[in-house]
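Let us read two kinds of feature, one question at a time.

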Amino acid sequence: METMMRKVEAAFHVSKPYLFLSLNQLCVAIFLVFLRSVVSSGANSFVLVVYGHLIAILVLSPLAFFLEKTKRPPITFKILSYAFLLGLLQVTLSQTLWTMSLQFVSSTYQSVALNLIPCITFVLALIFHQEKLMFWSMNGQAKIWGLGISLGGALALLLWKGPIVLISTSFDKTSDGVIGWTLIFVGLLANGFGNVLTKHVIKMYPAEISLTALLVIFGTFQATLISAFVVSSSSWKLHFSQASVLLTLLLGGIGVAGLSNYVTTWAIHTRGPVFAVSFSPLLVLFSFLLETFVFRASTHLGSILGALLVIVGLYLILWAKSNDIEKKEMTTNRDAMDVPLIQP
């Protein structure tokens with residue numbers, strides 16, 4: 001019995017990053033559906049971001065204080081400066097811009113656009129020497145093909161309904177469509193820089209919950225300060241009697257801004273920035289499932305094939321990353337074995 005429990009614990013330890021990051025994408029997909037509804041009803045984007053992240057602060061601060069009381073390093077001015085910058089990138093820019101974009105594009109289109117996060121993070125990680133790419137190696141080809149197939153599946157979900165019909169209205173050339181996609185793209189760049197910077201900061205401050213709480217605090221402060229100049233006082237009065245508004249704020253504050261940020265930070269610390277964002281194709285898959293089975297949207301061959309491509313591309317990336325980690329561990333163990341027992 002004890003041996004069985006150890007095997008279960010070992011299996012859970014191995015699968016924990018995959019499970020948590022998958023559930024994270026499901027939570028974000030549900031949140032986007034509700035957020036789109038609330039934004040369409042006239043709620044201000046800055047107000048939603050501020051309220052949601054205030055809830056996240058109430059959740060993360062006690063967790064950081066009690067769970068990381070013994071392992072949390074001293075907070076220095078350098079760490080505070082990095083947390084301020086991460087708050088600017090991950091909250092003030094990316095979250096606010098993505099929320100604003102829902103005034104111009106649907107949540108489905110946004111979930112597809114968010115699949116560019118692995119591509120942007122991978123390129124930025126290469127630039128800042130956090131990721132290595134052996135182009136002609138098997139792992140390198142798997143990463144490239146995985147990203148390409150995932151993006152192709154996301155586009156198939158968006159553009160192709162069936163063997164004949166081709167929908168091109170998603171790439172709307174109107175000014176509203178251009179504004180929406182511009183907001184999303186700038187948010188993607190900010191998020192990519194934030195993911196790469198997190199990998200650097202977490203080495204100096206290995207307390208994921210505390211770092212997440214700090215960046216959320218700074219990001220909320222920045223968003224509140226900007227809102228004081230651009231948001232009217234009447235916009236702060238939300239209709240909390242509506243279940244959708246309250247559920248959106250709770251889900252955004254606790255699930256997305258709070259736990260999602262922590263899961264992402266923890267995954268970047270343990271597996272690297274590219275592995276952490278490689279699960280974003282699941283966001284499109286979950287959005288497709290929600291629309292099909294919850295909102296009774298029609299199902300087409302293009303949607304099914306697109307979802308399958310997203311999954312295939314995702315696992316190509318994960319397979320390549322797993323091989324990288326395994327080779328790195330083997331090299332580390334071999335180097336440790338080469339150290340002489342008696343050193344001069």
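**Patch and rings**

Q: Is leucine 67 buried or exposed?
A: Exposure is read from relative accessible area, and the cut-off for exposed is over 50%. This is a predicted model. Leucine 67 has 57% relative accessibility, so leucine 67 counts as exposed. Leucine 67 is found in helix α2.

Q: Which residues make the nonpolar surface patch?
A: Patch members need over 30% relative accessible area. Here Leu63, Phe65, Phe66, Leu67, Leu246, Leu250, Ile254 and Leu259 make a patch of about 720 Å². Two elements, α2 (45-67) and α9 (243-271), each give two or more residues to the nonpolar patch.

Q: How many aromatic pairs are there?
A: Rings pair if their centres lie within 6.5 Å. The count here is four. One of them joins tyrosine 51 and tryptophan 236, at 5.8 Å centre to centre with 80 degrees between the planes. That pair is edge-to-face.

Q: Where do tyrosine 51 and tryptophan 236 lie?
A: Tyrosine 51 is in helix α2, and tryptophan 236 is in the loop between α8 (208-230) and α9. The pair therefore ties together parts 185 residues apart in sequence. Tyrosine 51 is partly exposed at 21% relative accessible area. Tryptophan 236 is partly exposed, with 21% relative accessibility.

Q: Why is the pair of phenylalanine 65 and phenylalanine 66 edge-to-face?
A: Planes over 60 degrees apart count as edge-to-face. The planes of phenylalanine 65 and phenylalanine 66 are at 90 degrees and the ring centres are 5.0 Å apart, so the pair is edge-to-face. Phenylalanine 65 is partly exposed at 42% relative accessibility, and phenylalanine 66 is exposed at 59%.

Technical notes: Residues are numbered from 1 along each chain as its sequence is written. This is a predicted model: local features need pLDDT of at least 70, side-chain atom pairs count only at pLDDT 80 or more; totals for chains, interfaces and linings use all residues. Side-chain values use heavy atoms; hydrogens and water are left out. Patches are made of residues with over 30% relative accessible area and no salt bridge: like charges are joined within 9 Å, nonpolar side chains (Val, Leu, Ile, Met, Phe, Trp, Tyr) within 5 Å. Accessible areas come from the Shrake-Rupley method with a 1.4 Å probe; for residues, only the protein chains shown count as cover. A salt bridge is a side-chain nitrogen of Lys or Arg within 4 Å of a carboxyl oxygen of Asp or Glu. Helices (H or I, at least four residues) and strands (E, at least two) are DSSP runs, numbered from the N terminus. Buried means under 20% relative accessible area, exposed over 50%, partly exposed in between (1.4 Å probe, protein chains only). Rings of Phe, Tyr and Trp (its six-membered ring) pair if their centres lie within 6.5 Å; planes under 30 degrees apart count as stacked, over 60 as edge-to-face and the rest as tilted.
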